[in-house]
Amino acid sequence: MTSPVLPTPEEKPQYVRDMFARISRRYDLMNRIMTAGQDQRWRRMVVEMCNLPPGGRLLDVATGTGDIAYMARHLRPDIEAVGVDFTFEMLAVGREKAPELGVPFVQGDALNLPFADDSFDAACSGFMMRNVADIGSAFAEQRRVVRSGGRVVCLEITHPRFTPWRKLFQFYFFHVVPLVGGVISGARDAYTYLPHSTLPFPDAEGLAEIMRSVGLRNVHYRTLMFGTVAIHIGEK
Ligand SMILES: C[S@@+](CC[C@H](N)C(=O)[O-])C[C@H]1O[C@@H](n2cnc3c(N)ncnc32)[C@H](O)[C@@H]1O
């Protein structure tokens, strides 16, 4: 399904950057409100599913304000976590949040990661894949920078299979979220884009298939929050 609210693939990078730049200061607060505080629990699960070895290196792709990278450093002070994102304003909020946790924030594109092959033990992303112009290329880049045997982990919104949940979720997402997002962030259009961005996004099995198509092995996933959120895991 397409939507008049969505940018074309060519317009998408600039559109997404501008949107996150505008909501960067209210992004974390809105996440906590929208998910009733569950989002940090999901990020904790992502870090655990990265299966990092002692002293390992994690790349948090599209780190935004750094919540997954910071969660990783909080849970595993022995590891190094690097955050990369193409929106300067999101990174600026991230840098200010917890400098004592020593997370390097790098400005860069998920479709052309500024890191060498095989240089991380795992790569992860949270709520990024809906926003990229080419999902396969984004997974391929994460696979490239991860060492052999390392994991690629993806946290994203997904389509609930159970029809009553799907209807309830759609009402919440398409009607309540834009209203609340508009009040909290002053950018109702950004929180209108958000539900619409899920429409053309593949379902959980479709996303797993894209991961397999770029050479990731043992791909599996787990759904959460009444089937509205999924964590996908693959190995290089
Ligand atoms: C919904 S936020 C997620 C932030 C963070 N991962 C989290 O868990 O809250 C999406 C982020 O993806 C970033 N993003 C989207 N496309 C990107 C790309 N091609 N390269 C780098 N960052 C990208 C945006 O700048 C934004 O910060």
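Author: We can begin with how axes are treated: they are lines fitted to C-alpha atoms, for helices over the stretch in contact, and angles run from 0 to 180 degrees between N-to-C directions. The model is a predicted one. On that basis the axes of α2 and α7 come within 10 Å and cross at roughly 145°.

Reader: What makes the contact between α2 and α7, and what is its make-up by class?

Author: On the α2 side the contact is made by Leu 29, Met 30, Ile 33 and Met 34, and on the α7 side by Val 177, Val 180, Gly 181, Ile 184 and Ser 185. By class this gives 7 nonpolar, 2 polar and no charged residues. Gly counts as polar here. As for handedness, α2 passes α7 in a right-handed crossing.

Reader: How do you know that the length of helix α7 agrees with its number of residues?

Author: Helix α7 covers residues 163-185, which is 23 residues. The expected span is 1.5 Å times one less than the number of residues, so α7 should span 33 Å. The end C-alpha atoms of α7 are 31 Å apart, and therefore the two values agree.

Reader: Where does α7 have a kink?

Author: The kink lies at Val 176, shortly before the proline Pro 178, and amounts to about 35°. The value is the angle between axes fitted to the seven residues ending there and the seven starting there. Pro 178 is buried, as are Phe 169 and Gly 181 in α7. The buried residues of α7 pack against α2 (27-34) and α8 (188-197). Just after the helix, Gly 186 takes a positive phi of about 75°.

Reader: Why is Ala 36 called exposed?

Author: Ala 36 has 8 other C-beta atoms within 10 Å. A residue is exposed if that count is 12 or fewer, so Ala 36 is exposed. Its place is in the loop between α2 and α3 (39-49). The phi of Ala 36 is near 55°, a positive value in a residue other than glycine.

Reader: And why is Asn 51 called partly exposed?

Author: For Asn 51 there are 15 other C-beta atoms within 10 Å. The class of partly exposed lies between the limit for exposed, 12 or fewer, and the limit for buried, 20 or more; Asn 51 is therefore partly exposed. Asn 51 lies in the loop between α3 and β1 (57-61), and has a positive phi of about 55° although it is not a glycine.

Reader: What makes Cys 154 buried?

Author: Cys 154 has 28 other C-beta atoms within 10 Å. The cut-off for buried is 20 or more, so Cys 154 is buried. The residue is found in strand β5 (residues 146-157). Leaving aside neighbours within four places in sequence, Cys 154 is in contact with Ser 125, Met 129, Ile 231 and His 232. Of these, Met 129 is 25 residues away from Cys 154 along the chain, and their C-alpha atoms are separated by 8.0 Å.

Reader: How do you know whether Asp 85 is buried or exposed?

Author: Asp 85 has 25 C-beta neighbours inside 10 Å. With the cut-off at 20 or more, Asp 85 therefore counts as buried. Asp 85 lies in strand β2 (residues 80-85). Not counting residues up to four places away in sequence, Asp 85 touches Ala 62, Thr 63, Gly 64, Met 90, Leu 91 and Gln 107.

Reader: Why is helix α4 described as mostly covered?

Author: In helix α4 (residues 67-75), 7 of the 9 residues are buried. They are Asp 67, Ile 68, Ala 69, Tyr 70, Met 71, Ala 72 and Arg 73. The buried residues of α4 pack against α3, β1, β2, α5 (88-97) and β4 (120-126).

Reader: At what angle do α3 and α4 pack, and which residues make the contact?

Author: The angle is about 65°, and the axes of α3 and α4 are 9 Å apart. The crossing of α3 and α4 is right-handed. The contact is made by Gln 40, Arg 43, Arg 44, Val 46 and Val 47 of α3 together with Asp 67, Ile 68, Met 71, Ala 72 and Leu 75 of α4. By class, the contact of α3 with α4 has 6 nonpolar, 1 polar and 3 charged residues.

Notes: Residues numbered from 1 in each chain as written. Predicted model: local features only at pLDDT ≥ 70, side-chain atom pairs only at ≥ 80, totals over all residues. Helix = DSSP H or I, 4+ residues; strand = E, 2+ residues; numbered from the N terminus. Contact = placed C-beta atoms within 7 Å. Left-handed = near helix turned anticlockwise from the far one by under 90°.
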